[in-house]
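Reader: I have a new model open on my screen and would like to learn how to read it. Could you walk me through some features?

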Amino acid sequence: MQPTDDLTSQDVLQQLMSSCSGNSPKDLRDRAILILAGCLGLRRSEIATLRAWEYSTIFKRLNFAGNGRTVSVDPSTAAALEDWLTWRGTEQGSMFWAFRANGELLHKSLSSEAVRDIIRARSEQAHLPRIRFGDLHSMAVGHMAIKWGVERAAELTGLSLNTVAQHKA
């Protein structure tokens, strides 16, 4: 049994988001990461390798330079990204930077393992069963497949139709 079997994807995402509802830089960063994973179904590696310039505040979309994929974002995702990017500033480089334990910002990209650790820490803070990043990704992809259909979800996530159909099941 998955740790989230008795919770819907929206319940899990809302509880995770409540763990970073403040306005500290870490809260802003983590909220943006959670919403990218939970609403768009981005993989850890995609989040870790995003560059600040890959998000368009004018067109409200992410342009993935590595694979040429473009994803439009909904208003809540745009708000979370823009809150973080406003705090982060316009310096070139990774969209998401690491923090030291004392809260000091490091101008250093997050690794995919660091993204996983953020999800784990936020699930503990939200008093959820241990959430694996894959659980969050699967829930998001499954939710998109139900909401928009398998073909549209595959287009948005860059996954194959078969993979999306498995997440929907």
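Reader: Where is confidence lowest, and where is it highest?

Author: Where pLDDT is low, the predicted coordinates should not be read in detail. The mean pLDDT (the predictor's confidence in each residue, from 0 to 100) of the chain is 79, and 70% of its residues reach 70 or more. Helix α6 (residues 133–148) is lowest, with a mean of 59, and strand β1 (residues 55–56) highest, at 94. Helices (H or I, at least four residues) and strands (E, at least two) are DSSP runs, numbered from the N terminus.

Reader: Which residues of α5 are buried?

Author: An α-helix has 3.6 residues a turn, so residues three or four places apart point the same way. In α5, Ser112, Val115, Ile118, Ile119, Arg122 and Ser123 are buried (under 20% relative accessible area; exposed is over 50%, partly exposed in between, with a 1.4 Å probe and protein chains only). They cover an arc of only 125 degrees around the axis, which puts them on the same side of α5; the arc is that of the directions from the helix axis to the C-beta atoms.

Reader: How do α2 and α5 pack?

Author: Two packed helices are described by the angle between their axes and the distance between the axes. Here α2 (residues 25–40) and α5 pack at about 100 degrees, their axes 11 Å apart. Axes are lines fitted to C-alpha atoms, for helices over the stretch in contact, and angles run from 0 to 180 degrees between N-to-C directions. The two helices are therefore roughly perpendicular (65 to 115 degrees). On the α2 side, Lys26, Asp27, Arg29, Asp30, Ile33 and Leu34 meet Val115, Ile118, Ile119 and Arg122 of α5, contact being heavy atoms within 4.5 Å.

Reader: What phi does Lys60 have?

Author: Most residues other than glycine have a negative phi. Lys60 is not a glycine, yet its phi is positive, about 55 degrees. Lys60 sits in the loop between β1 and β2 (61–63) and counts as partly exposed because its relative accessibility is 30%. Just after α5, His127 also takes a positive phi, of about 60 degrees.

Technical notes
Residues numbered from 1 in each chain as written. Predicted model: local features only at pLDDT ≥ 70, side-chain atom pairs only at ≥ 80, totals over all residues. Heavy atoms only, no water. Parallel < 35°, antiparallel > 145°, perpendicular 65-115°, else oblique.
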